[in-house]
Amino acid sequence: MQCTPTSALIRGLGAATVALGLAACGGSQVNPDTPGAVSLTDPSGDDNGPGDYIYPTDQVYKPGSFDLRSFEVIPKGDTVEFRVGVGSRIEDPWGSKDWGGNGFSLQMAFIHIDTDGVAGSGVTAALPGVNVRFAEAQAWDKVVIISPQGPTRVNSEVETKAADVKDRVVVPKVTRASGRTLIAVVDVADLGGAPQPGWGYQVLMQSNEGFPAKTDLLTRKVNEFEGQHRFGGGTDYDNDPHVIDMLAGRAAGGDDEKAAQHAALSKYTRDANEPTPADLAEVPMIYPGK
Ligand SMILES: [Ca+2]
Ligand SMILES: [Ca+2]
Ligand SMILES: [Ca+2]
């Protein structure tokens, strides 16, 4: 089987064939028929941050729940659909309808986007609570929040915890889950324009925390030891990346991509109890169209 499906195959057999080909080969491929469309895969089994993070012990955190497997950007006229696939069926154990939520409970993803590709333009600090940063040359311009929390709650968190970047935060008009996929629909206008082939992306996998610390934007903490609702394998401070999985490299695939993720997320200052930005791990922006 070829690792790069031909466009004839894409047109002849449909998107499912493309996805199948990508899943078998790993890495990335942009559908050549839609400018700005993105379809990336991520390996299974790297839902452990720098390599040794452990899920919380409560049984709702089923294996694979935070294992990023796929990421798609699908332009559709005046809107854009973002799809984030994970490694287990997405459930709603905490009854999100009771708190104005979106039909799921556990997962959350921050999709940081570099829309201008200009060094120094944008923001290098990730959203509060994930404890990572971006390189100056890959600063992000927009971030899409896929959260099970309703828009009122998300907007209020952004207002109090990320006010300095709130104009760059995009809360989707629709957020839902289907099978193993989180789906968010965003207005093109909110992104500052339709997705372009040169845009860069980084999907940070997190877990929705309804009772976050006052500096954390709905993120669940990683501590030294796992607990009922805490990830383990990090530190009890906010120097370790609170990132369970992420994109690590275009077309690297399999073990190479895992190694790249583990290396990037391991580079933080473990003994910095009050970390400065330089103490935090730097995560890469991925440019599928370049
Ligand atoms: Ca993964
Ligand atoms: Ca921590
Ligand atoms: Ca990964």
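**Close-up views of a predicted model**

View 1. Pro-93 counts as partly exposed because 13 other C-beta atoms lie within 10 Å, a number between the limit of 12 or fewer for exposed residues and that of 20 or more for buried ones. The model shown here is predicted. Pro-93 belongs to the loop that runs between β3 (79-85) and β4 (107-114). Apart from neighbours within four places in sequence, Pro-93 has contacts with Val-60 and Ser-105. Tyr-61 is 32 residues away from Pro-93 along the chain, and the C-alpha atoms of these two residues are 9.6 Å apart.

**View 2. The five-stranded sheet.** Five strands form an open sheet in the order β1-β2-β3-β9-β8, and their pairing is antiparallel. At the edges are β1 (38-41) and β8 (174-178), each of which pairs on one side only. On average, neighbouring strands of this sheet are turned by 15° against each other, with direction ignored.

**View 3. Pairing of β1 with β2.** Strand β2 covers residues 70-76 and pairs with β1 through four bridges in the antiparallel sense. Leu-40 has Phe-71 of β2 as its bridge partner.

View 4. The protein has 290 residues, of which 45% count as buried, and contains four helices and 12 strands. Of the contacts between residues at least 6 apart in sequence, 66% join residues at least 24 apart. The average pLDDT is 89, and 87% of the residues score at least 70. Residues 1-29 have a pLDDT below 50, and this stretch makes 37 contacts in the model beyond near neighbours in sequence.

Notes:
Residues are numbered from 1 along each chain as its sequence is written. Chains are lettered from A and ligands numbered from 1 in the order in which they are written. This is a predicted model: local features need pLDDT of at least 70, side-chain atom pairs count only at pLDDT 80 or more; totals for chains, interfaces and linings use all residues. pLDDT is the predictor's confidence in each residue, from 0 to 100. Two residues are in contact if their C-beta atoms, placed from the backbone, lie within 7 Å. Helices (H or I, at least four residues) and strands (E, at least two) are DSSP runs, numbered from the N terminus. Two strands pair if DSSP finds at least two bridges between them. Axes are lines fitted to C-alpha atoms, for helices over the stretch in contact, and angles run from 0 to 180 degrees between N-to-C directions.
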